[in-house]
Amino acid sequence: MLRERWRLLPFAIRDGALNMAIDEAIAEAISFNESPPTIRFYGWSPPAVTIGCFQSMRDEVDLDACHELGIDAIRRRTGGGAVFHDTDGEITYSVICPERYIGPDISASYHEVCSWIIDALGTFGLRAEFSPINDVVIDGRKISGNAQTRRSGVFTMHGTVLYKVDRERMFKVLKVGRTKVSDKNISSYGQRVVGASELVGTSLDGLLRALMASFLKGKQWYLGEMSMDEEARAGSLALSRYRSDDWNLSR
């Protein structure tokens, strides 16, 4: 039976394959009515690039540069574009719940979850706004990108909130960035993104606490842990899918 209270998992830093496998394992458990709706915040070590489910790894990512810099490259289950996840450069979140909790309207659901990010940034005096379909921007510069999927009646949305942007490494590994520079006729890809630390004096932990408070506002919640079944399933998925070239290089 589904429990109504939300479970908040403790912040943890893991590698990209396991991060993506955890989201899938939790979604599966919720689809079986075995786990509660869950919010988690997490980081990445080593740094990683993730691509959307329908993207081509070779088209979007410079794999030679990733290998040289020790950066993982992983395909997500969600849509959206390629993202560079730096260990100290961002906070990533996941919201995983029965689809009925969030409703069928995809645009509205992006807007709702992004509004939690906007409210968190607002606690620092930052005036962020939702930029359809799935971004949060400040003065036209992207500070958060988001993606979602809905499978077996379960809503999964995850996204990043940038804290400190290493534009040089980002530009080395993301081919998509180079394309956008040309398409949008802007002088630098780096001008399109901004981290919170460039705008306010908060620490990464301060940003995390603001996000937690905003995401949990008005919800009944508790601080929990992954079940043993979720952990075992995540380990299996990380090995069989997210560390596999058959999955990551499938397009």
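In this tour, a residue is called buried under 20% relative accessible area, exposed over 50%, and partly exposed in between. The coordinates come from a predicted model.

Select Gly 70 to begin. Its relative accessible area is 39%, which means that Gly 70 is partly exposed. Gly 70 belongs to the loop between helix H3 (63–69) and strand S4 (72–75). Leaving aside residues up to four places away in sequence, Gly 70 touches Pro 46 and Pro 47.

Next, move to Arg 7, whose C-alpha atom is separated by 33 Å from that of Gly 70; the two residues are 63 apart along the chain. Display the side chain of Glu 230 as well: Arg 7 and Glu 230 form a salt bridge, at 2.9 Å from N to O. This pair links distant parts of the chain, with Arg 7 in strand S1 (residues 6–14) and Glu 230 in helix H9 (residues 228–242), 223 residues apart. Both Arg 7 and Glu 230 are buried.

Then select Asp 23 and Arg 40, whose side chains meet in a salt bridge of 2.6 Å, N to O. Here helix H1 (residues 16–31) supplies Asp 23 and strand S2 (residues 38–44) supplies Arg 40, 17 residues apart. Asp 23 and Arg 40 are both buried.

Continue to Asp 135 and Lys 142, which are joined by a salt bridge at 3.5 Å, N to O. Asp 135 has 18% relative accessibility and therefore counts as buried, whereas Lys 142, at 25%, counts as partly exposed.

Finally, select Glu 24, Arg 77 and Arg 241, which salt bridges with shared partners join into one network. Across the whole structure, a search finds 13 salt bridges.

Conventions: Residues numbered from 1 in each chain as written. Predicted model: local features only at pLDDT ≥ 70, side-chain atom pairs only at ≥ 80, totals over all residues. Heavy atoms only, no water. Helix = DSSP H or I, 4+ residues; strand = E, 2+ residues; numbered from the N terminus. Buried < 20%, exposed > 50% of the residue type's maximum accessible area, 1.4 Å probe, protein only. Contact = heavy atoms within 4.5 Å. Salt bridge = Lys/Arg side-chain N within 4 Å of Asp/Glu carboxyl O.
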